[in-house]
Amino acid sequence: MIFPEKAIMFRNRLMKVFRHVSKAAKKQNISCYRIYDHDLPEFPFCIEKYEDWLYVAEYRRNHHMDELEHEQWLEDCKKIIEDITGVPTARIILRARQRKSNRQDQYQKLDDEKQYIIAGEQGLKFKINLTDYLDTGLFLDHRLTRTLVRASANLKKVLNLFCYTGSFSVYAASGGASEVVSVDLSKNYLKWATENMELNGFYDPVKYSFLCEDIKQWLAKIPTGYFDLVIMDPPTFSNSKRMEDFLDVQRDHPVMINQTLTGMKPGGVLYFSTNFSRFQLQTELLTNCTVKDITRSTTPFDFHTKLNRFCFLITKSA
């Protein structure tokens, strides 16, 4: 069980942050947002709201409780979360996860319940899985970046690298892209991306294609001067058996960006993002482009002071 003074501390903190972010979300008509992220060391949770569901991830740490004590502690925490948010415990999905500085673990399947909900974001729909994977299928920290992509996609040829479940692809199609190419190494996530596109009425095999590729190898043969708009959000590190070489974003980003620029038209733009906390963009190794750091301007209200990623707008020189 939670000691009373600790319970009061958690309750007060959660009440404060929930009032703030829920008010901002309601004002902006946002139904999927982060509420809490390890605000108190004694309560190492990430709490996110998806419509009328809560996804609660407990970061692993040495809590010095036996199994029964820990289970009771979790139940007490869930009751506090229910009291503050008004979401019943039946709609609170609790998972355990490592605190990670990258997204390499998004491909690790934890369960096979295959229970999906449909969540809305800015007039679009997305399949969300709260039970089977470490991540839910929609990275909430890129909400504003997706908006930028939609606003600039009209009549553009768009490339979505490391596309995951295709949320950027959906936004690009919604913005009127003439073509969207989505590339990822995972067949499971490409299928999910296809379903997200179809969920929003974007089914056209000619305009919208999905490629299962080792992106480091695929970039070496990217068509020259073809794309107008590119999104690249690679994992910090990946050593999948299906890859010819491992991926290290700090080591590999100059080559990957330069190869991507080769495949872009003059004046084309690349949104490059990484959540490697010690990342340093090696601009001196990038050719024929200009770079603007847009990390702050693409940080949503629910991630202020909590965001652990960088975002850059890279424009190919004319």
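## Basis of the model

The model is predicted: local features need pLDDT of at least 70, side-chain atom pairs count only at pLDDT 80 or more, and totals for chains, interfaces and linings use all residues. Residues are numbered from 1 along each chain as its sequence is written, and side-chain values use heavy atoms, with hydrogens and water left out.

## Overall fold

The chain has seven helices and 15 strands. Helices (H or I, at least four residues) and strands (E, at least two) are DSSP runs, numbered from the N terminus. Along its principal axes, the C-alpha trace spans about 65 × 40 × 35 Å.

The radius of gyration is 20 Å, which agrees with the value near 20 Å for a compact globule of 318 residues. That radius is taken over C-alpha atoms, and the globule rule is 2.2 Å times the number of residues to the power 0.38. Of the 318 residues, 53% count as buried. Buried means under 20% relative accessible area, exposed means over 50%, and partly exposed lies in between (1.4 Å probe, protein chains only).

## Helix H7

Helix H7 runs over residues 249-262. Its 14 residues should span 20 Å at 1.5 Å a residue, and its end C-alpha atoms are 19 Å apart, which agrees. The expected span is 1.5 Å times one less than the number of residues.

Ten of the 14 residues of H7 are buried, so the helix is largely enclosed by the rest of the structure. Among them are Val249, His253, Met256, Ile257 and Leu261. An α-helix has 3.6 residues a turn, so residues three or four places apart point the same way. At the start of H7, a side-chain oxygen of Asp248 reaches to within 3.0 Å of the backbone nitrogen of Gln250.

## Aromatic rings

The structure holds 19 aromatic pairs. Rings of Phe, Tyr and Trp (its six-membered ring) pair if their centres lie within 6.5 Å; planes under 30 degrees apart count as stacked, over 60 as edge-to-face and the rest as tilted. Tyr133 and Tyr189 form a tilted pair, 5.4 Å centre to centre, with 55 degrees between the planes. Tyr133 lies in the loop between strand E6 (124-129) and helix H3 (143-152), and Tyr189 lies in helix H5 (residues 187-199), so the pair ties together parts that are 56 residues apart in sequence. Both tyrosines are buried. Phe272 and Phe279 form another tilted pair, at 5.8 Å and 35 degrees. Phe272 and Phe279 are both buried.

Ring pairs also build a cluster from Tyr116, Tyr133, Phe139, Tyr164, Tyr189 and Trp192. Arg61 lies over the face of Trp73, at 4.9 Å from the ring centre. Arg251 lies over the face of Phe246, at 4.2 Å. The rule asks for NZ of Lys or CZ of Arg within 6 Å of the ring centre and within 35 degrees of the ring normal.

## Salt bridges

A search of the whole structure finds 19 salt bridges. Each is a side-chain nitrogen of Lys or Arg within 4 Å of a carboxyl oxygen of Asp or Glu. Asp141 bridges to Arg309, with the closest N and O atoms 3.2 Å apart. Asp141 is in the loop between E6 and H3, and Arg309 is in the loop between strand E14 (289-293) and strand E15 (310-316), so the pair ties together parts that are 168 residues apart in sequence. Asp141 is buried at 7%, and Arg309 is buried at 4%.

Arg91 and Asp52 form a salt bridge at 3.4 Å. Arg91 is partly exposed at 30%, and Asp52 is partly exposed at 41%. Asp228 and Lys265 also meet in a salt bridge, at 3.4 Å, N to O. They link strand E10 (residues 227-232) to strand E13 (residues 264-274), 37 residues apart. Asp228 counts as buried at 16%, whereas Lys265 is partly exposed at 28%. Glu121, Arg143, Arg146 and Asp302 are linked in a network of salt bridges.

## Positive phi angles

Most residues other than glycine have a negative phi. Leu155 has a positive phi, near 60 degrees. Leu155 is in the loop between H3 and strand E7 (157-161), and is exposed at 65% relative accessible area.

Phe162 also has a positive phi, near 55 degrees. Phe162 lies in the loop between E7 and helix H4 (167-174). At 12% relative accessibility, Phe162 counts as buried.

Note on methods
A polar contact is a pair of N or O atoms within 3.5 Å; within protein, one must be able to donate a hydrogen and the other to accept it, and residues adjacent in sequence count only if both atoms are side-chain atoms.
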